[in-house]
Amino acid sequence: MKSSLLKISKIAALFVAVGFTCFQTLTAQQGRINPDTLKKYILTPPPKETPRINGAKVFGVRPGSVFFYTIPATGKRPMTFSAVNLPKGLKLDAQTGRITGSVKKAGTYRVSLKATNALGNDEREFRIIAGDQIGLTPAMGWNSWNCWGEAIDREKVLAAAKAMVETDLINHGWSYINIDDGWQAIRGGKYNGIQPNKKFPDMKGLFDQVHGMGLRIGIYSGPWVGTYAGFVGSYSDNPDGTSDWINEPGTVDEHYRYIKPNANGRRGHGVNYHHGKYSFVKNDVRQWMDWGIDYLKYDWNPNDYYHVKEMHDALREQKRDVLFSMSNSGPYGDAMMFEKYANVWRTTGDIRDNWDRIKSLGFSQTKWAPFVGPGHFADPDMLVVGYVGWGPNLHYTALTPDQQYTHISLWSMLCSPLLLGCDLSRLDEFTLSLLTNDEVIEVNQDPLGKMAMPIIDRDGYIVYQKPLEDGSVAMGIFNLNDHKIEVTVTWSNLGIRGTQKVRDLWRQQDIAESDREFKTAVNPHGVVLVRIYPGNSRIQATSGR
């Protein structure tokens, strides 16, 4: 039996090697990648027409807070939804799959979700945990900065939301549409909060439209008197919240952006990189709540205790759950603070679409592992696939196909938030295949929330292992070399025993079975991402006497 299993393993390894030999890497010398040429690199099978419920298997909500969740399910439409054991206070729209309402009592509710179409049905358990923690799995969505920068406006936000629905991303668990820096004007309104500039003529209406699509929406600010892009921040030097620099002739554009060159001759607002004497955090939070905020990116450096806790407390005073995402370059010495007060914290500076940056950001996250878990995740920044550019001129990502597979695989293994930084209205088939692989997404969204750890790091390759809730193991073999390599990982390397099956997650197929090891070829800058199951047996061993 053992020899036959090893033969199967060798045959499977040969299959993987041949497959990845055909999957040639484009090089930087070939210039910009043309997305029309990338169809041959697609590994993700198309979704079936029968229903499949996707996304997170667990959802956190505070008792009494607004509940809003759209069941992500692929399959042929029309489709209807049902739920058994929904907690009191929640209701499900059978046509849209949206669950709304408010859970009054703390506790864990095991709900059975069902999706049905003319071809069949799918059922899955969905745990609703009403308690103090939210954001129990990493956020999945879109952020405006890496494509549009400060050129963001209402039309671009709506285009992203519509594309998230029309491309079916929403049915794979993608749910957030986040507006980054560039929306702010001067203070005013009911709460003397920051008001939107003329690029966003009706912010409440915009939020309602996005919610009406079954999506959530987020916004951006920072605890300085001005933000990185030169817009009004949540602090002021004046007790009425006004900004003196706005009144200086020639210092702001028509959107209230500070444009006066700083001391180095660069456009910006370096003079406003300070906290100011007066806080308007509570004013801004009340304004955002009126609009219907679901996510806040709060951006400054260094991230200090006072301003972290101040915003955390202001958000928690409200009856609406808002994911609190801190940015940027969080100092490691404050990891315990981030774990306690933030749902997400940026561990790095800004990402760029090149291999050196992906490598330096992605493979430097291990030290954060003790502080990562349900409700609090480290963030090496957004995804740079598809059309990016930091606004307003976009280009297709400079990452090769192999590098993009590494990018998505590594971020998934690290339990990082998956926030797209591209123009969703221009998604090509290859990029869409990267973002709609439900077996890869399941690794990121696993309820255990454990960050993968490197178990082998030698000869230019790194093997990451991530435990999953069902007892199986996700493994990523990452090749940092400029040449193809062959790698063998033994079950003793992984700390598992017995006969195991190996499933290629990108191809969504079992490729090997062995009681000893897995061998595969890995492309330069590429990855082989697999799930090894069932893992170690949970059955009691006895002597038989």
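Buried means under 20% relative accessible area, exposed over 50%, and partly exposed in between, with a 1.4 Å probe and protein chains only. Helices (H or I, at least four residues) and strands (E, at least two) are DSSP runs, numbered from the N terminus.

This is a predicted model: local features need pLDDT of at least 70, side-chain atom pairs count only at pLDDT 80 or more, and totals for chains, interfaces and linings use all residues. Residues are numbered from 1 along each chain as its sequence is written, and side-chain values use heavy atoms, leaving out hydrogens and water.

**Helix H6.** H6 spans residues 281-291 and is mostly covered, with 8 of its 11 residues buried. Among the buried ones are Trp-288, Met-289 and Trp-291. Gly-292 follows H6 and has a positive phi, near 110°.

Axes here are lines fitted to C-alpha atoms, for helices over the stretch in contact; angles run from 0 to 180 degrees between N-to-C directions.

| Pair | Residues | Angle | Axis separation |
|---|---|---|---|
| H3 and H4 | 154-166 and 203-212 | about 10° | 10 Å |

H3 and H4 are therefore roughly parallel (angles under 35 degrees; over 145 is roughly antiparallel, 65 to 115 roughly perpendicular, the rest oblique). Contact means heavy atoms within 4.5 Å. H3 contributes Arg-154, Val-157, Leu-158 and Ala-161, and H4 contributes Leu-206, Gln-209 and Val-210.

**Ser-416.** Ser-416 lies in the loop between helix H10 (401-413) and strand E23 (418-420). Ser-416 counts as buried because its relative accessibility is 1%. Leaving aside neighbours within four places in sequence, Ser-416 contacts Pro-138, Ala-378, Pro-380, Trp-411 and Asn-444.
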